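Student: Can we go through this one together? I'd like to start with the charged pairs.

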Amino acid sequence: MRTLDDDWFLQARLKLRHFQLFLALDEQRNLHRAAAQLGISQPAASKLLGDIEAQLGVKLFDRHSRGLVPNWYGEVLVRHAQAMLSDLRNTGKELNALLEGNAGKVAIGTVMAPAVTLLASAIERVHRTHPRLKVSVEVDVSKRLVPRLLEGELDFAITRIPAGFPTDPFVFEEIGEEEICFVCREGHPLSGAEPLTLEAMAAYPWALQPQGALMRQRVDALFLYHAIAPPAQVVDTTDILVALALIDRSDTITATTRQVADLLCAPTRFRVLPFHQRLSVQPFGLVSLRRRRLSPGAATLTSMIRELVAHQRQQGLI
């Protein structure tokens, strides 16, 4: 098979309709239903697909008992079609915001710790000079944020690049680690324990992030390293408010970041357990896509984040 030139899409006369068809076929797995979704005839859809396959010299979708399924070539086009159409939708939203007199819109993804400290401070400062900038913030774990960044749903993220993701598409600017602490209710049987042991903590119920989440992996590794059986009763939740509600009403223990504990845990209601070993997870950073230019609003926010990070490093805070 011949390799493609840089302007292959011009030579192949690739149109927006092709991208819409790729996504419709990926969703419907049937040419007739995909054509109906686009409001065109089945022969017209078949011609669109056939023309681009002829130009590329490869089949994009294979016929199986479960319908038309994208092969490896098709998966590449479907993935980039999703990103391109998402970019076009976001372009319309940004233009509408400017037409309405706003300063644009920024969609940000972040892991928990920087959401309650760094990002909140950056947004507050940017809004002083750009009060009509619309900002949306999604707090989640890295393995769900990074795909959304790749698909164009987020402008940038403060996160990690999880194992298994290629690093080439990203620009990663390291910020710092998340320190882990253990939190219980005020009056918990272990709140005044000296010394506090991992064996004693394991005897109580826990609320933790689900299996596979980075913080959960670190906590599980702690028990494994010390050859101690992990807690028998664990509630899986990504929501810190659910975890706090559980520890407020029972002897449950949770693990969270020091920044979150400092912000959310009222000292008369919750207590950070005096665990002797310092725990942290791998550094998070400011993550953007190498080949996507940031909007003016997103560029302003990322500049403010860098400024705050530099200041915190000077102060020895990170």
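Student: What does Asp140 form a salt bridge with?
Tutor: Asp140 pairs with Arg144, and their closest N and O atoms are 3.0 Å apart. A salt bridge here is a side-chain nitrogen of Lys or Arg within 4 Å of a carboxyl oxygen of Asp or Glu. Keep in mind that this is a predicted model: local features need pLDDT of at least 70, side-chain atom pairs count only at pLDDT 80 or more, and totals for chains, interfaces and linings use all residues. Residues are numbered from 1 along each chain as its sequence is written, and side-chain values use heavy atoms, with hydrogens and water left out.

Student: How many salt bridges does the structure hold?
Tutor: There are 16.

Student: Which parts does the Arg292 and Asp87 pair tie together?
Tutor: Their side chains meet in a salt bridge at 3.7 Å, N to O. Arg292 is in the loop between strand S11 (279-289) and helix H13 (296-314), and Asp87 is in helix H5 (residues 72-99), so the pair ties together parts 205 residues apart in sequence. Helices (H or I, at least four residues) and strands (E, at least two) are DSSP runs, numbered from the N terminus.

Student: And how accessible are those two?
Tutor: Arg292 has 22% relative accessibility, which counts as partly exposed. Asp87 is partly exposed at 29%.

Student: What about Glu179, which residue is its partner?
Tutor: Arg258, with the closest N and O atoms 4.0 Å apart. That pair links distant parts of the chain: Glu179 sits in strand S6 (residues 170-185) and Arg258 in helix H12 (residues 258-264), 79 residues apart. Glu179 is partly exposed at 24%, and so is Arg258 at 30%.

Student: Which residues are joined into one network by shared partners?
Tutor: Glu138, Arg148 and Glu153, through salt bridges that share partners.

Student: New topic: Val146. Where is it?
Tutor: Val146 is in helix H8 (residues 142-150). At 1% relative accessibility, Val146 counts as buried.

Student: What is Val146 in contact with?
Tutor: Leaving aside neighbours within four places in sequence, Val146 touches Thr159, Arg160, Ile161, Pro162, Phe165 and Phe170. Contact means heavy atoms within 4.5 Å.

Student: How far apart are Val146 and Phe156?
Tutor: They are 10 residues apart in sequence and 9.3 Å apart in space, C-alpha to C-alpha.

Student: Zooming out, how many helices and strands?
Tutor: The protein chain has 13 helices and 11 strands. Its C-alpha trace spans about 75 × 50 × 35 Å along the principal axes.

Student: What is the radius of gyration of the protein chain?
Tutor: It is 25 Å, whereas a compact globule of 318 residues would have one near 20 Å. The radius is taken over C-alpha atoms, and the globule rule is 2.2 Å times the number of residues to the power 0.38.

Student: And how much of the chain is buried?
Tutor: Of the 318 residues, 41% count as buried. Among contacts between residues at least 6 apart in sequence, 74% join residues at least 24 apart.

Notes: Buried < 20%, exposed > 50% of the residue type's maximum accessible area, 1.4 Å probe, protein only.
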